[in-house]
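Subject: Structure handover and findings

Dear colleague,

I am passing on the structure below, together with notes on what was found in it. Please read the notes with the sequence and the model open side by side.

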Amino acid sequence: MSDSHLLANGRIERYSFNERIWHWISAVSYVYLLLTGLAFWTPWLFWIAVILGGATISRELHPWAGVIFFISVLWMYAKWGAQMRSTDSDRAWWRAVGHYTRNEDEAMPPVERFNGGQKMLFWAFVWCGLALLLSGLVLWFPHWIPWSLRALRFVAVLVHAVAALLTIGLFMIHVYMGLAVERGAFGSMTRGEVSRAWARKHHRLWHDEVVRGSAAEK
């Protein structure tokens, strides 16, 4: 159930202030992790660590940024988890996803506050975030791992790399969709509001729910 409501200016609140703050905490910490992680991944990108303050600072701050990122993911899970469950409208959305990729919005079925693709992205980041945290702890404190479990270190390196690559791909898709496909989505995460026309076009079921809820309160 969304907490959104009609605003006095006739627009709809899409994200509350707290939702936007935690989203941007997640975004900033992830970008830092992405850049420093790439710097550690290959010597060809080590210059990124130099720009960000040097190898020592990057190495020290990388795991702490990971902790901040995971805390933000946990907050969003607590806030949005119930809204991210798969529904019949999501299954209809996936069946019509070809129209979505071609920007044929008129052929798309109505969806809730989040569509099927956004829900998939959410759960992928939740599970990848958990994998990054657990594998990252092993790499952060390798001296805590007994020598008899040294194979765990190699597993952690593999899991960390795979999860990181998955999130990089998802992050690129997320940015592209927010800026180019659902135009206005990026603005909703900065201003917190959208027009009723935008809500009807991209998230009709959510729009109708908000309108009904606002009418019932009067």
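This is a predicted model: local features need pLDDT of at least 70, side-chain atom pairs count only at pLDDT 80 or more; totals for chains, interfaces and linings use all residues.

Residues are numbered from 1 along each chain as its sequence is written, and side-chain values use heavy atoms, with hydrogens and water left out.

The secondary structure of the chain comes to 10 helices and 2 strands, where helices (H or I, at least four residues) and strands (E, at least two) are DSSP runs numbered from the N terminus. Read from the N terminus, the order of the elements is β-α-α-α-α-α-α-α-α-β-α-α. Along the principal axes, the C-alpha atoms occupy a box of roughly 65 × 35 × 30 Å. Of the 218 residues, 39% count as buried, a term that stands for under 20% relative accessible area, with exposed meaning over 50% and partly exposed lying in between (1.4 Å probe, protein chains only). Among contacts (heavy atoms within 4.5 Å) with a separation of 6 or more, 70% join residues 24 or more positions apart.

Helix H1 (residues 17-41) packs with helix H3 (residues 55-80) at an angle of about 145°, their axes being 8 Å apart; axes here are lines fitted to C-alpha atoms over the stretch in contact, and angles run from 0 to 180 degrees between N-to-C directions. The crossing of H1 and H3 is left-handed, that is, the near helix is turned anticlockwise from the far one by less than a right angle. The residues of this contact divide into 15 nonpolar, 10 polar and 3 charged, with Ala, Val, Leu, Ile, Met, Phe, Trp, Tyr, Cys and Pro counted as nonpolar, Asp, Glu, Lys and Arg as charged, and the others, Gly among them, as polar.

For H1 itself, the 25 residues should span 36 Å at 1.5 Å a residue, and because its end C-alpha atoms are 36 Å apart, the two values agree; the expected span is 1.5 Å times one less than the number of residues. Its buried residues include Glu19, Arg20, His23, Tyr30 and Leu33, and what covers the buried residues of H1 includes H3, H6 and H7.

The largest nonpolar core has 19 residues, and those with the most contacts inside it are Tyr30, Phe69, Trp80, Phe122 and Phe125; such a core is a set of buried Ala, Val, Leu, Ile, Met, Phe, Trp, Tyr and Cys residues joined through side-chain atoms within 4.5 Å. Two or more residues each come from H1, H3, helix H6 (116-140) and helix H7 (151-181), and H3 gives the most, with 5 residues. Phe122 touches Met76, Tyr77, Trp80, Gly81 and Met84, leaving aside residues up to four places away in sequence. Apart from this core lies another, of 7 residues, among them Ile12, Ala185, Ala199 and Val210.

Finally, some single residues. Val50, in helix H2, is exposed because its relative accessible area is 52%. His202, in helix H9 (residues 196-202), counts as buried at 11% relative accessibility, and touches Asp105, Val111, Glu182 and Arg183, not counting residues up to four places away in sequence.

With best regards
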